[in-house]
Amino acid sequence: MEQQLPAGRRPRLVSSLGLGQRCCEVTLDQERGLLAWRHPRRGGENYFVPTSEIIAVEETELNKKQRNTGKWQKLAKPHAFTVYYVKKARNHRWWCRDVTFWCVDENLCNQWTQALKELLEMQKCRPKQLLVYINPYGGKRQGKRIYEQKVAPLFSLASISTDVVITEHANHAKDNLFEVNINKYDGVVCVGGDGMFSEVMHGLIGRMQKDSGIDQNNPKAPLVQCNIRIGIIPAGSTDCVCYSTVGISDPVTSALHIIVGDSQPLDVSSVHHNNTFLKYSVSLLGYGFYGDILKDSEKKRWMGPMRYDYSGFKTFLSHHYYEGTISFQPAKHTLGSPRDKDSCRTGCYICKESEQQLAEQQKKCGLKHEEDEEEWKVIKGKFLAINAVNMSCACPRSPKGLSPAAHLADGSADLILVRKCSRFDFLRHLVRNTNQDDQFDFSFVDVYRVKSFQFTSKLSEDNGSNVTDIGKKRFGQFCRDHPACCCNIADSTWNCDGETLDSSAIEVRVHCQLMKLFARGIEENCKDEAAYSHSSIEHLL
């Protein structure tokens, strides 16, 4: 049965179709893009699936066991089709589920199959051709197996063509991205950990700047946005970027986000030293505590992922602090603050509004004028840790992350300064990264939302570093704990998304929504069975 609607609107299909051994009413609202049915068993639960979350539709040959049931022996040969769709479960996990409907009318079966396939064809955001890089050595060396067993079958089901490259050495993917015909692909997928993602990100952004004639060594150059989306299949020791943008480190969930064509803009920070480009960062830039952990763990790679726990404990006991000067520009265009209780979620209004305000501000003032005129704040002191994050940096061990209210695409970073304090106080701060308490609620912790900052260590200042130091040109705020005493004259290293930087004196600028991921941000928590059951079809339709 096809329900007639006013001219100009797509019809709604309503049919009585077989589901298992019983019949149920199935509805396809083509105008709203919604498939719904009432399960003949399971208490008559109502299910609905947005067509944007249908993976594939296939004609199905019912197996001999099904066809030999007593009821169907009396009927003509049944015709069937299977709908593969996304099912949402707890903790942001997605599954691929399927439902098979049947009927004895071949024309009706074809009508349903054709209608569903036409709706899928209208999903223009979905990728058709992907370039896949697999790191076979990262994490527990399971990247290739994870892709072949869990991801490739889903891509095949969704009719996605792939070109797969198994990386053989460091920067293999990055170098390859400067050579391939990137325009033939709808996206690039990296299978590995945060290091693999960083490599692909550097390759894509670098390729875009090269093709556009942008000098990456100029710290004030406006970078060209990268419109080719990156998909992350988590298979590393740490999958912070995936966890912070999807809500879970699960290969199947990430593959399904890629298949349905999700898109999540992401801020990227550029890091320079003396007008020389060093790195891009999307998660953590950490000096002091997190820099020392990385530096020490690199010497113990033979320990595997355990090296991070060992180096973390060792670094905590050493309790090193570092003296230096931080200069930063507050991000006045943003609506939120690091102390907000609201986290960045799917469709975040703060990210959208901040992007618009930043664009209007730059259009009105111009980039150069803004850099010259806007106020810089300067802080000198002794620090146990200096952290700048573009996202929450959440992970399974720290579900809230280093800055729970950090936003993915608002054109700012949260700058966290942990001043010299007792070992016990520092432990209290670290513990709060793993619980629900406010980790910034300490007198020795300051947090600022910034759009650019510079740091020069005391050792670099004494050696006459040429890094532009706004703090030397302007009066600023000086920390109270700065007597002329015996200071810890030493340098830490910067931890840039899990890689060390050679220079401690750096200049950082946040580029609003420079790139895009196959993700949609973290959705609000949903109950098991998600939105496909326990809902009323009548209410939705």
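Q: Which residues of helix 10 and helix 13 meet?
A: In this predicted model, Phe316, Leu317 and Ser318 of helix 10 meet Arg423, Phe426, Leu427 and Leu430 of helix 13. By class, these residues divide into five nonpolar, one polar and one charged. The axes of helix 10 and helix 13 (residues 423-431) cross at roughly 145° and come within 10 Å.

Q: Why are helix 4 and helix 8 called roughly parallel?
A: Helix 4 (residues 143-157) and helix 8 (residues 251-259) pack at an angle of about 30°. Angles under 35 degrees count as roughly parallel, and therefore the two helices are described that way. Their axes are 10 Å apart, and the crossing is right-handed.

Q: Which residues make the contact between helix 4 and helix 8?
A: Helix 4 brings Ile146, Lys150, Val151, Leu154 and Phe155, and helix 8 brings Pro251, Val252, Ala255, Leu256, Ile258 and Ile259. By class, this contact has 10 nonpolar residues, one charged residue and no polar ones.

Q: Why is helix 9 called oblique to helix 10?
A: Helix 9 (residues 289-297) and helix 10 (residues 306-318) pack at about 130°, with their axes 9 Å apart. An angle over 145 would count as roughly antiparallel and one from 65 to 115 as roughly perpendicular, so helix 9 is oblique to helix 10. The crossing of helix 9 and helix 10 is right-handed. On the helix 9 side the contact involves Phe289, Asp292, Ile293, Asp296 and Ser297, and on the helix 10 side residues including Arg307, Tyr308 and Lys314. The classes in this contact are five nonpolar, four polar and four charged.

Q: How much space lies in the second largest pocket, and which residues are closest to its centre?
A: The second largest pocket holds about 640 Å³ of space. Of its 31 lining residues, Ser343, Arg345, Pro399, Lys400 and Pro404 are the closest to the centre. The lining has 12 nonpolar, nine polar and 10 charged residues.

Note on methods: Residues are numbered from 1 along each chain as its sequence is written. This is a predicted model: local features need pLDDT of at least 70, side-chain atom pairs count only at pLDDT 80 or more; totals for chains, interfaces and linings use all residues. Side-chain values use heavy atoms; hydrogens and water are left out. Axes are lines fitted to C-alpha atoms, for helices over the stretch in contact, and angles run from 0 to 180 degrees between N-to-C directions. Helices (H or I, at least four residues) and strands (E, at least two) are DSSP runs, numbered from the N terminus. A crossing is left-handed if the near helix is turned anticlockwise from the far one by less than a right angle, and right-handed if clockwise. Contact means heavy atoms within 4.5 Å. Ala, Val, Leu, Ile, Met, Phe, Trp, Tyr, Cys and Pro count as nonpolar, Asp, Glu, Lys and Arg as charged, and the others, Gly among them, as polar. On a 1 Å grid over the protein atoms alone, a cavity is a set of points where a 1.4 Å probe fits but cannot get out, and a pocket is an open set with protein on both sides within 12 Å along at least five of seven lines; lining residues have an atom within 4 Å of a point. Grid points are joined across faces, edges and corners, and a volume is the space filled by probe spheres set on the points.
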